[in-house]
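This briefing is meant for a reader who is meeting the structure for the first time. It begins with one group of side chains and then widens to the helices and the core.

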Amino acid sequence: MINSNFILIELLQDPSFIAWLNGNGTPGDDERWKAWVFEDQGRRLIVKKAQKLINMPFNEKYLEYNDILDELQKLKNQPSYIHLKILNG
């Protein structure tokens with residue numbers, strides 16, 4: 001079984017996935033990602049985690065996208081739940 005944190009990290013680096021989550025994807029993106037979720041209902045949880053991360057309010061006003069990915073990369077080999085440290089300025 002592939003670790004869901006690894007899948008989440010990969011998805012958050014995919015511009016078409018991010019656009020789809022934000023409602024800015026093309027019709028092709030919409031079709032692709034809906035089909036991807038439909039193939040394995042366990043992927044819904046991964047999508048929900050991604051949505052939470054993208055919409056998470058951080059203490060730093062201008063937190064870099066790569067900082068979020070770095071935090072997730074640290075979790076890649078840990079259990080499938082996510083703990084993010086809120087970064088303080």
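Predicted model: local features only at pLDDT ≥ 70, side-chain atom pairs only at ≥ 80, totals over all residues.

## An aromatic cluster and its surroundings

Phe 17, Trp 20, Trp 33 and Trp 36 form one aromatic cluster.

**The aromatic pairs**

- The structure holds 4 aromatic pairs, and one of them joins Phe 17 and Trp 33, whose ring centres are 4.9 Å apart and whose planes stand at 75°, so that this pair is edge-to-face.
- Because Phe 17 belongs to helix 2 (residues 15-21) and Trp 33 to helix 3 (residues 27-39), the pair ties together parts of the protein that are 16 residues apart in sequence.
- Both Phe 17 and Trp 33 are buried.
- Trp 33 also forms an aromatic pair with Trp 36, and this pair is edge-to-face, with 5.5 Å from centre to centre and 80° between the planes.
- Trp 33 and Trp 36 are 3 residues apart in helix 3, which means that about one helical turn separates them, and Trp 36 is buried, as Trp 33 is.
- An α-helix has 3.6 residues a turn, so residues three or four places apart point the same way.

**The nonpolar core**

- The largest nonpolar core has 18 residues, and those that touch the most other members are Leu 8, Leu 12, Phe 17, Trp 20, Val 47 and Leu 72.
- Helix 1, helix 2, helix 3, helix 4 (43-55) and helix 5 each supply at least two residues of this core.
- In soluble globular proteins, nonpolar side chains tend to be buried together.
- Of the 89 residues of the protein, 34% count as buried.
- Among contacts between residues at least 6 apart in sequence, 66% join residues that are at least 24 apart.

- In helix 1, the buried residues are Ser 4, Asn 5, Leu 8, Ile 9 and Leu 11, and because they fall within an arc of 165° when seen down the helix axis, they line one face of helix 1.
- Asp 14 sits in the loop between helix 1 (4-11) and helix 2, where its side chain is joined to that of Ser 16 by a polar contact of 2.8 Å.
- When its neighbours within four places in sequence are left aside, Asp 14 is in contact with Arg 32 and Trp 33, the latter being a member of the aromatic cluster.

**Helix 3**

- Helix 3 has 13 residues and reaches 18 Å from its first C-alpha to its last, which is close to the 18 Å expected at 1.5 Å a residue.
- The residues buried in helix 3 are Asp 29, Trp 33, Trp 36 and Val 37, and they line one face of the helix, because they fall within an arc of 95° when seen down its axis.
- These buried residues of helix 3 pack against helix 1, helix 2 and helix 4.
- The face of helix 3 that is turned away from its buried side carries the exposed residues Pro 27, Glu 31, Lys 34, Phe 38 and Glu 39.
- For Glu 31, the relative accessible area is 62%, so this residue counts as exposed, and its C-alpha atom is separated by 9.6 Å from that of Trp 20, which is 11 residues away along the chain.

**Helix 4**

- Helix 4 has 13 residues, and its reach of 18 Å from first C-alpha to last is close to the 18 Å expected at 1.5 Å a residue.
- Ile 46, Val 47, Lys 49, Ala 50 and Leu 53 are the buried residues of helix 4, and since they fall within an arc of 160° seen down the helix axis, they line one face of helix 4.
- On the face of helix 4 turned away from its buried side are the exposed residues Arg 44, Leu 45, Lys 48, Lys 52 and Asn 55.

**Glu 71 in helix 5**

- Glu 71 has its place in helix 5 (residues 65-75), and its relative accessible area is 13%, so Glu 71 is buried.
- The C-alpha atoms of Glu 71 and Ile 9 are separated by 9.6 Å, although the two residues are 62 residues apart along the chain.
- Ile 9 is itself one of the buried residues of helix 1.

Terms used. Residues numbered from 1 in each chain as written. Heavy atoms only, no water. Helix = DSSP H or I, 4+ residues; strand = E, 2+ residues; numbered from the N terminus. Buried < 20%, exposed > 50% of the residue type's maximum accessible area, 1.4 Å probe, protein only. Phe/Tyr/Trp six-rings, centres within 6.5 Å; stacked < 30°, edge-to-face > 60°. Polar contact = N/O pair within 3.5 Å; in protein donor to acceptor, adjacent residues only side chain to side chain. Contact = heavy atoms within 4.5 Å. Core = buried A, V, L, I, M, F, W, Y, C linked by side-chain atoms within 4.5 Å. Arc of directions from axis to C-beta. Expected span 1.5 Å × (residues − 1).
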